[in-house]
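Please read them alongside the sequence and the coordinates.

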Number of protein chains: 2
Amino acid sequence: MKKGVVLLSGGIDSATTLFLAKEKGYNPRALIFNYGQKNKKEVGCAKKIAKKTRTPYTVIKLPFSWKGSALLDSHIKIPSGRSLKEIGENIPSTYVPARNLVFLSVAASLAESVKAEGIFIGAHAEDYSGYPDCTKEFFESFRKTLIRGTKEGRRIKIYTPLLKKDKTAIVKIGLRLGVPFEDTWSCYEGGKRPCGSCDSCIFRKNAFKRIGIPDPYFVRGR
Amino acid sequence: MKKGVVLLSGGIDSATTLFLAKEKGYNPRALIFNYGQKNKKEVGCAKKIAKKTRTPYTVIKLPFSWKGSALLDSHIKIPSGRSLKEIGENIPSTYVPARNLVFLSVAASLAESVKAEGIFIGAHAEDYSGYPDCTKEFFESFRKTLIRGTKEGRRIKIYTPLLKKDKTAIVKIGLRLGVPFEDTWSCYEGGKRPCGSCDSCIFRKNAFKRIGIPDPYFVRGR
């Protein structure tokens, strides 16, 4: 079996991507980033999903002591109560400088080190059209840089299986594959329960509503 | 003054690059990586150089727990006693998977966060022709990826002022600019004193010999 590295954040997209990597015949290893995000729950959820699926994982603590993103900086408010249309219009304040560039670079280093042949990232351009590091153009350019700047980059493919999917389609795929959505976390805020009004909560609620089933996170007696 | 981010390793090249960034009119901020290298001295040297030159600095601890490089892995011997010709022939075992890709990505994140307009890296292709992440093609490709995948990447230039220089030329530039070479560390091994026979020590010795002055590191009563 080919080895793969999967970026696992603890959310719906990356958990589904982990299952898609397996379906594609990869033996995945999860890479989890603790990068100073306000929301501390997602790292725990990512670990839980890795354990439940018997996926070996590595947690990387990235001490992004710099600020400038609503996901990191307690002085910047996370946007709340926006419509789906409003969310996609601009680069949101939740943009973390060069985040996917850093994540993919570390994943590339790990992939090269363990001789993995694929890196899987659950980015999707449709929902988060505002994030420059979730676009097809970025991932293609990254792959070129990887080939140029590493010893074995040519052997490493970048998989973005969800890139053209919206959240509803992703949840449907996840349901088919048996992704434990009850263990995933989407909310940007660091509260005990999902806030229900940040962009990420809005996308999640909307997806389960459209499919017509309750969010498994809330079903498990929380 | 424009802000700049300088990758500072504690060696001759990055220390000289720091001075070149200042000469170019940048107000530099140093980024120092503690990435699990066997040689623990260089991080201390980098900090010392930053302090001596009153450069604000950030130390990033990258827990590269994976192996596969002679610089990280105690089971892999660092090559020793090679000729200058032998050193340049292949990708050496001291290659660290995707190292400069990771370093530059983190630098890009910092640069975007503090609104810096330049990233300076002291790589040079001539001495280390074996490292894919020290080539012009890699840096050019990285810049393209940076523009594609970040909010303000277009504003951030990648400076590689030493790319076409050999070690002798770099030492000459450093001497002109007053770089405190006595505080720099080049040896790949983690000993108390430079081993004198790893590739990096060989380049350094050769440079000072060619210029015809003693290495300031040894002059200061060590």
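1. Two residues are taken to be in contact if their C-beta atoms, placed from the backbone, lie within 7 Å. Helices (H or I, at least four residues) and strands (E, at least two) are DSSP runs, numbered from the N terminus. Axes are lines fitted to C-alpha atoms, for helices over the stretch in contact, and angles run from 0 to 180 degrees between N-to-C directions.

2. This is a predicted model, in which local features need pLDDT of at least 70 and side-chain atom pairs count only at pLDDT 80 or more, while totals for chains, interfaces and linings use all residues. Residues are numbered from 1 along each chain as its sequence is written, with chains lettered from A and ligands numbered from 1 in the order in which they are written.

3. In chain A, helix α1 (residues 12-23) lies across β1, β2 (26-34) and β4, and runs at about 160° to β2(A).

4. The strands of chain A make an open, parallel sheet of five, ordered β3-β2-β1-β4-β5; strands pair if DSSP finds at least two bridges between them. Neighbouring strands are turned by 25° against each other on average, direction ignored.

5. Within chain A, β1 (residues 2-7) and β4 (residues 118-120) pair in the parallel sense over three bridges. V5(A) has I119(A) in β4(A) as its bridge partner.

6. Chain B and chain A each put 36 residues into their contact. On the chain B side, the elements giving two or more residues are β3 (57-61), α4 (99-114) and α5 (136-149). α4(B) gives the most, with eleven residues.

7. By class, that side of chain B has 17 nonpolar, eleven polar and eight charged residues. Here Ala, Val, Leu, Ile, Met, Phe, Trp, Tyr, Cys and Pro count as nonpolar, Asp, Glu, Lys and Arg as charged, and the others, Gly among them, as polar.
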